[in-house]
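Dear colleague,

Please find below the structure I said I would pass on. My notes on what was found in it follow.

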2 protein chains.
Amino acid sequence: MKIEQATIKDIARELNVSSSTVSRALKDYPGISDETKRKVKELAKKLNYRPNAIALSLRKSRSFTIGVIIPEVVHFFFSTVISGIEEVAYSRGYNVILTQTNEKLDREQSSIDTMLSNQIDGFLVSYSKETKDFNHFSRLLDQGYPIVFFDRVPEIPNAINVMVDDYQGAFDAVSHLITQGYSRIVHLAGPKNLKISQERERGYRDALKNYGIAIDEDLIVECPIGTSDEGQKITKSLLDNLKQTPDAFFGNNDMAAVGAMLACKAAGLRVPEDVGIVGFSNWQFCSMIEPSLSSVAQPGFNMGAKATEMLLDIIEKKVNPEEVKEALTLETELLVRKSSVRLKG
Amino acid sequence: MKIEQATIKDIARELNVSSSTVSRALKDYPGISDETKRKVKELAKKLNYRPNAIALSLRKSRSFTIGVIIPEVVHFFFSTVISGIEEVAYSRGYNVILTQTNEKLDREQSSIDTMLSNQIDGFLVSYSKETKDFNHFSRLLDQGYPIVFFDRVPEIPNAINVMVDDYQGAFDAVSHLITQGYSRIVHLAGPKNLKISQERERGYRDALKNYGIAIDEDLIVECPIGTSDEGQKITKSLLDNLKQTPDAFFGNNDMAAVGAMLACKAAGLRVPEDVGIVGFSNWQFCSMIEPSLSSVAQPGFNMGAKATEMLLDIIEKKVNPEEVKEALTLETELLVRKSSVRLKG
DNA sequence: TTGTAGGCGTTATCAT
DNA sequence: ATGATAACGCCTACAA
């Protein structure tokens, strides 16, 4: 049924030469007569010859494929990262094998297994929310597999991490709210086990401290799921139950922030007059809603691109893993829109 | 540096048996003593043996990998499809190699090439906006490569297509607008070469006809890019230049529809009182904006899942390609929200 | 019950 | 300038 691909052998047979000659001719090795070269290339073209990458992989123990392990594909930020990964990988001649864990540890583990089976040259990983222990990664590192972690990065020896400056982003966002005159600022926090959540919370706390505002632990609420529904429910319950109503919300992600906005509006509060809101990630919809949502932009594409470059440099031994700086932190940018501005310019 | 993976040979050597024995023991072939089996498996486990999928691929001329060619990863609908693809592929033991074309024909071509080189077992394709001729796909089909097209499907012989009922979705959306009392309905159309655009436009036209409304060609405007900016600009220019202002917009995608909404608001028109708006795709933000945007939901995850199932069934010869029905059309669902409702229930 | 040999497609090494 | 051979890791007739 499937038409067989022509191989080097086919060309060799037809031309009455050896496969080595064909192989050499095809790659312009020295010591092949121009005549032979010409004939080989001509026939190769005619037969639509295509090198078998699988055979090459076996021969070289290199697959020119990198494995990407990511929590979710349907996620604006991650899809942006994937896009950056794909661009760089493509331009440098690598394939990308993609798996999503759906935030499950066992999928993470089994994805690693199949990727190892497939002799991938390296890993790009953002681990799942369920992952609290990193032995499976440490083991890989010890065995010498190149891994670059991005966004959700572990604190283990020798890991190479690419992340955004979550601390600074959060610090900027909260400082901005404060200078706009908001002071009872809720933090809709992320899952506690993710370093990014911890960093954002730290930025929140430090910004408050920096302005001499006492921290009220009741205003820090974990949003483990990260949907707008969740953000909405949590915000509603806060508005209903806190003795003193808050006047601002800093969401650890945009979905939570939108949820807060919807809940506030439903409660009759005006944004930004009564309540200021800032999100994190700068999803596309931020500029489409009303009021438009201020948000901390993360350079997703760039993160994917940089992580991939570092990984490929290591794979190709352009750099020594020991020489690679172990962490690259990309800048965030606070995009101020209407949801958080109540002072005249 | 990288620690070598244990191979069957390693196990054989250590146990003083032949590699065939090991191979058979590992797969519980009949005719291996329980004792040998036990020892082999034990050592395999100890050495952390993992079959080399590359060697297997070479041997079997099967890679258990499928190639996905998609216009853009950072696109809500496509990312949903990818998610569906990945789920099914994973559950059936296949890898997914992903490339995005960025709507470029040459990337589409070269992606096909590398995938062929990599001996992938089949293709899942949604072609680029630049693709106007399908010879590169026809050739693959002729050579017997399994391909399933999704969403953007070509009209070529033997192609297997999975799509949504764009015609019906558009028909429903426009009928809904009409029954809400809107009659000068703009269609922000998609690129003309995409069948999905044609179908949506056909649905638009038929709905109008069906209600006896004359079609005004000036109200059908192509939005080749598909961003909210583009939609906004086009809408503004329509509002400025049409002699008779339109009272509704049916966007061939949600971005265009949001653009229309923003432009209408900016022009002082109230949505839905003065202008009704319906989009297509049901992006996440539809329910987050105000007024919430009515939209035609496409079953992206399901589309990816179904397309993958069909592809794998063909690959695994569970079905004969000839027996496969050549087109699967999935139902859309019109989600009516606030942007298009001005009559009391 | 186990072993031997050959081959999947390619290329590096060592002849000739 | 070209050929023969072996090897990458695995599987499978065929042999013993």
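Predicted model: local features only at pLDDT ≥ 70, side-chain atom pairs only at ≥ 80, totals over all residues.

Which way do the residues of β3(A) point? The strand covers residues 122–125, with Gly122(A) and Leu124(A) pointing one way and Phe123(A) and Val125(A) the other way. All of these are buried.

**The chain as a whole**

Chain A contains 12 helices and 12 strands. Its radius of gyration is 26 Å, whereas a compact globule of 345 residues would have a value near 20 Å. The C-alpha trace spans about 90 × 40 × 40 Å along the principal axes of chain A.

Of the 345 residues in chain A, 56% are buried. Among contacts with a separation of 6 or more, 74% are between residues 24 or more positions apart.

As for the surface, chain A exposes about 14900 Å², and 49% of that is supplied by carbon and sulfur atoms. Charged side chains number 42 positive and 46 negative, with the centres of the two sets 6 Å apart.

Regards

Note on methods:
Residues numbered from 1 in each chain as written. Chains lettered and ligands numbered in written order. Heavy atoms only, no water. Helix = DSSP H or I, 4+ residues; strand = E, 2+ residues; numbered from the N terminus. Rg over C-alpha atoms; globule rule 2.2 N^0.38 Å. Buried < 20%, exposed > 50% of the residue type's maximum accessible area, 1.4 Å probe, protein only. Contact = heavy atoms within 4.5 Å. Areas by Shrake-Rupley, 256 points an atom, 1.4 Å probe, with all protein chains shown as cover. Lys, Arg positive; Asp, Glu negative; His and termini not counted. Charge placed at Lys NZ, Arg CZ, Asp CG, Glu CD.
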